[in-house]
Amino acid sequence: MTASGIAYGIGVGPGDPELITLKALRVLRRVSVVAYPAPPEGPSLARRIAAPHLIPAQVEIAMRMPLDVRQFPSPTAYDKAARAIGAELKQGRDVAILCEGDPFLYGSFQYLYARLAKKWPVKVIPGVSSIMAAAAMAGWPLAAKSDTLTVLPATLPAEELSARLSHCDSAAILKLGRHFEKARVALRTLGLEKHSLYVERASMENARALPLAEVTAESVPYFSLILMRRPGASAS
Ligand SMILES: C[S@@+](CC[C@H](N)C(=O)[O-])C[C@H]1O[C@@H](n2cnc3c(N)ncnc32)[C@H](O)[C@@H]1O
């Protein structure tokens with residue numbers, strides 16, 4: 001009987017193909033199958049990040065599903081992807097599942113992990129998250145000494161966002177999209193807008209960072225976040 005393959009959840013980092021770990025690179029170069037999330041149409045960002053490291057002979061599985069903050073993929077999309085990956089594992093082939101940033105930080109990989117790990121060996125290789133890339137790019141220390149750093153999805157209700165922002169020294173707000181203005185108003189109301197920085201496409205070629213007050217809400221892409229550091233925080 002053929003031994004089953006191993007599924008690897010690989011964090012490919014936030015955009016720059018050089019922000020991938022040596023371990024991820026080693027595994028990427030030796031697996032025979034590569035799977036990645038992709039929008040219903042068009043290219044996959046995770047694949048684009050890993051592209052310089054892929055090998056032409058590798059079989060590719062594009063897991064097509066909605067990837068923006070407005071729509072959540074249906075469980076059947078993950079069931080289908082898990083079945084396709086499981087079929088490869090059953091044949092003894094190792095599968096790399098590419099994840100933008102880190103797989104376990106808001107990564108859709110988690111839904112696959114939940115399905116695959118019940119049946120197959122799964123290993124996770126961490127990646128550089130967008131938060132770290134944005135902070136590095138902008139020269140924005142995140143936390144020092146006893147500072148608290150809070151990671152928030154902008155999809156939270158406004159009151160919840162405000163309550164959490166009022167209790168941290170430093171914050172990273174992800175998943176902006178159409179929730180951008182809600183997050184900005186929450187920060188403004190707490191007097192924190194001027195202590196916040198907006199970063200889009202961190203580490204990618206068209207990256208930019210600007211004071212939160214200068215952002216045009218309509219132009220906010222999916223790959224963007226806000227960093228906030230309260231005056232008086234140790235990291236500054
Ligand atoms: C589904 S979450 C995935 C986070 C990812 N796993 C990570 O470790 O950064 C997607 C959100 O991460 C943030 N994000 C991911 N990559 C980014 C980048 N290069 N620049 C800015 N924000 C990014 C955005 O807030 C986006 O809406």
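Which residue's side chain meets that of Arg-184 in a salt bridge, and at what N to O distance?

Some housekeeping. This is a predicted model, and local features need pLDDT of at least 70, side-chain atom pairs count only at pLDDT 80 or more, and totals for chains, interfaces and linings use all residues. Residues are numbered from 1 along each chain as its sequence is written, and side-chain values use heavy atoms, with hydrogens and water left out.

Let me start with the ligand. There are 18 residues around the ligand, and those that come nearest are Glu-100, Leu-105, Ser-130, Tyr-222 and Ser-224. Near here means that a heavy atom of the residue lies within 4 Å of the molecule. By class, that shell holds 10 nonpolar, four polar and four charged residues. For the classes, Ala, Val, Leu, Ile, Met, Phe, Trp, Tyr, Cys and Pro count as nonpolar, Asp, Glu, Lys and Arg as charged, and the others, Gly among them, as polar.

With Ser-130 the side chain is involved: one of its N or O atoms is 2.6 Å from an oxygen atom of the ligand. With Asp-102 it is a polar backbone atom, 2.8 Å from a ligand oxygen. Tyr-222 also uses the backbone, with an N or O atom 2.8 Å from an oxygen atom of the ligand. On its own the ligand has 560 Å² of accessible area, and the protein covers 96% of it. Accessible areas come from the Shrake-Rupley method with a 1.4 Å probe, and for residues only the protein chains shown count as cover.

Next, salt bridges. The criterion is a side-chain nitrogen of Lys or Arg within 4 Å of a carboxyl oxygen of Asp or Glu. Searching the whole structure gives nine of them. To answer the opening question, the partner of Arg-184 is Glu-181, at 2.9 Å, N to O. Both residues sit in helix α7, residues 180–189, three residues apart, which is about one turn of the helix. Helices (H or I, at least four residues) and strands (E, at least two) are DSSP runs, numbered from the N terminus. Arg-184 is buried at 7% relative accessibility, while Glu-181 is partly exposed at 30%. Buried means under 20% relative accessible area, exposed over 50%, and partly exposed in between, with a 1.4 Å probe and protein chains only.

Helix α6 gives another case. There the side chains of Arg-164 and Glu-160 form a salt bridge at 2.7 Å, N to O. These two are four residues apart in α6, residues 158–165, so about one helical turn separates them. Arg-164 is partly exposed, at 43% relative accessibility, and Glu-160 is partly exposed as well, at 31%.

Then there is Arg-208, bridged to Glu-200 with the closest N and O atoms 3.0 Å apart. Arg-208 is partly exposed at 36%, whereas Glu-200 is buried at 5%. Glu-200, Arg-201 and Arg-208 are linked in a network of salt bridges.

Now a serine in a strand. Ser-170 belongs to strand β7, residues 170–174. Its relative accessible area is 0%, so Ser-170 counts as buried. Its side chain reaches the backbone oxygen of Leu-142 at 2.6 Å. Setting aside neighbours within four places in sequence, Ser-170 is in contact, meaning heavy atoms within 4.5 Å, with residues including Leu-142, Thr-148, Met-228 and Arg-229.

Last, backbone angles. Tyr-106 lies in the loop between β4 (95–99) and α4 (109–116) and is partly exposed, at 36% relative accessibility. Lys-145 is not a glycine either, and has a positive phi of about 45 degrees. The loop that holds Lys-145 runs between α5 (130–138) and β6 (149–153). At 80% relative accessibility, Lys-145 counts as exposed.

Methods: Polar contact = N/O pair within 3.5 Å; in protein donor to acceptor, adjacent residues only side chain to side chain.
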